[in-house]
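Hi,

Here is the structure I promised to pass on.

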Amino acid sequence: MSGSESSVTPLYLGIDGGGSGLRVMLADADLAVHGQAEGPAANPSLLGRARAAAIVHQTVREALGEHAPERVAAVAAGIAGAAASHSRPWLEDMLTAALPLALVVPSADYEIALAGAHGRRLGLLLLAGTGALAYGVNAGGEHALVGGWGYLVGDEGSGYWLGREGLRAVVRASDGRGPQTSLTESLLAALALAAPADLIPWLYREAPAAARTTEIAALAPRVLQAAEAGDIAALDIVDEAAVELACAAQTVRRRLRAPDLPLAFSGGLLTSPNPLSAALCQQLGLTDLPLPLYPPVVGAVLLAREADLTRQEPDR
């Protein structure tokens, strides 16, 4: 490609601000990557909007590299804690500050994940990572979200939920209210705690409870390992998680009147073979994992590209 051709080729920026980190990709209409960068999580609900915006701006600059911000025709962003449904003005202002000439497409972390999973904004997404939810869009453009209420009142089947339920199994075993479990040794070792009683100061005194969400979610793989080894308490946790996630997916299909809406899994807990993904496939009658076509950051690029092409249609 010549320099003159490159100068007029529209570029699209996708921003994926999931619960565990920030990913930014710069690509053209054919999804050829022109730049990418990663940064720490940028959830404004946890960090505050000023700090979250600073992280996004820095990561965008790194992804742009030598490309001028003016080269970006459109930008789409899905950031945990800042869905367009409730944070559109902040998303628009924050992205315009970084890319003044770009068409801004405020989205949500689950919407860009769906677009990436199916290659377009159509289908059903079942996501379980740090948080958990089901989101779908039918052929008529109607959409439905089930879950996504956050760790205090929802997120059943998420990494945080699995970790929290694992800790509950530990304290129940300590009290004698539940069966003895290998989770006691495993989870306490992960947290560098000597005894179940040490959970009280760790959870409630040394830091605000909200600050422990990532650390508790990081316990999820140990719960899955215990389930794979046959631990009864861990197996019960995994079975309940699968029931909750399957219910979320089936509820989206019912609300959208689309029983055959194609399904894709997303998030670190569902996109690899493990006891949870296996139990969930059994709940939903699936023989194989319905893996996503692309990661969420590519979904954001696709939404940006779609918005830019739609904008150009009247001029064609």
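Arg257 is exposed, with a relative accessible area of 58% (exposed means over 50%, buried under 20%, partly exposed in between, using a 1.4 Å probe and protein chains only). Arg257 also has a positive phi of about 55° despite not being a glycine, and its place is the loop between helix H11 (232-255) and strand E9 (263-266). Helices (H or I, at least four residues) and strands (E, at least two) are DSSP runs numbered from the N terminus.

Before going on, some ground rules: this is a predicted model, where local features need pLDDT of at least 70 and side-chain atom pairs count only at pLDDT 80 or more, while totals for chains, interfaces and linings use all residues. Residues are numbered from 1 along each chain as its sequence is written, and side-chain values use heavy atoms, with hydrogens and water left out.

Leu31 is another non-glycine with a positive phi, here about 70°. Leu31 sits in the loop between E2 and E3 and is partly exposed, at a relative accessible area of 23%.

Five strands make up an open sheet with mixed pairing, in the order E3-E2-E1-E4-E5. Two strands count as paired if DSSP finds at least two bridges between them. At the edges are strand E3 (33-39) and strand E5 (103-106), each pairing on one side only. On average, neighbouring strands of this sheet are turned by 15° against each other, direction ignored. Strand E2 (residues 22-28) and E3 run antiparallel and are joined by six bridges; Leu26 stands opposite Gly35 in E3.

Which helices lie across strands of this sheet? Helix H5 (residues 109-118) lies across strand E1 (11-17) and strand E4 (72-79), at about 115° to E4. Helix H13 (residues 296-312) lies across E1, E2, E4 and E5, at about 140° to E1. For these angles, axes are lines fitted to C-alpha atoms (for helices over the stretch in contact), and the values run from 0 to 180 degrees between N-to-C directions.

Asp308 lies in helix H13 and counts as buried, at 2% relative accessibility.

Now the helix pairs. Two packed helices are described by the angle between their axes and the distance between the axes. Helix H7 (residues 183-190) and helix H10 (residues 220-228) have axes 10 Å apart and pack at an angle of about 155°, so H7 and H10 are roughly antiparallel to each other. The cut-offs are under 35 degrees for roughly parallel, over 145 for roughly antiparallel, 65 to 115 for roughly perpendicular, and oblique for the rest. H7 and H10 cross in a right-handed way (right-handed if the near helix is turned clockwise from the far one by less than a right angle, left-handed if anticlockwise). On the H7 side the contact is made by Leu183, Ser186, Leu187 and Ala190, and on the H10 side by Arg222, Val223 and Ala226. Those residues divide into five nonpolar, one polar and one charged. Here Ala, Val, Leu, Ile, Met, Phe, Trp, Tyr, Cys and Pro count as nonpolar, Asp, Glu, Lys and Arg as charged, and the others, Gly among them, as polar.

H7 also meets helix H6 (residues 159-175): the axes come within 9 Å and cross at roughly 120°, which makes H6 oblique to H7. This crossing of H6 and H7 is left-handed. Gly166, Leu167, Ala169, Val170 and Ala173 in H6 meet Leu183, Thr184 and Leu187 in H7, a contact with six nonpolar, two polar and no charged residues.

Trp90, in helix H4 (residues 84-98), is buried, with a relative accessible area of 10%. Leaving out residues up to four places away in sequence, Trp90 touches Pro44, Arg49, Ala52, Ala53 and Ala82.

His143 is in strand E8 (residues 143-147).

Cheers

Notes
Contact means heavy atoms within 4.5 Å.
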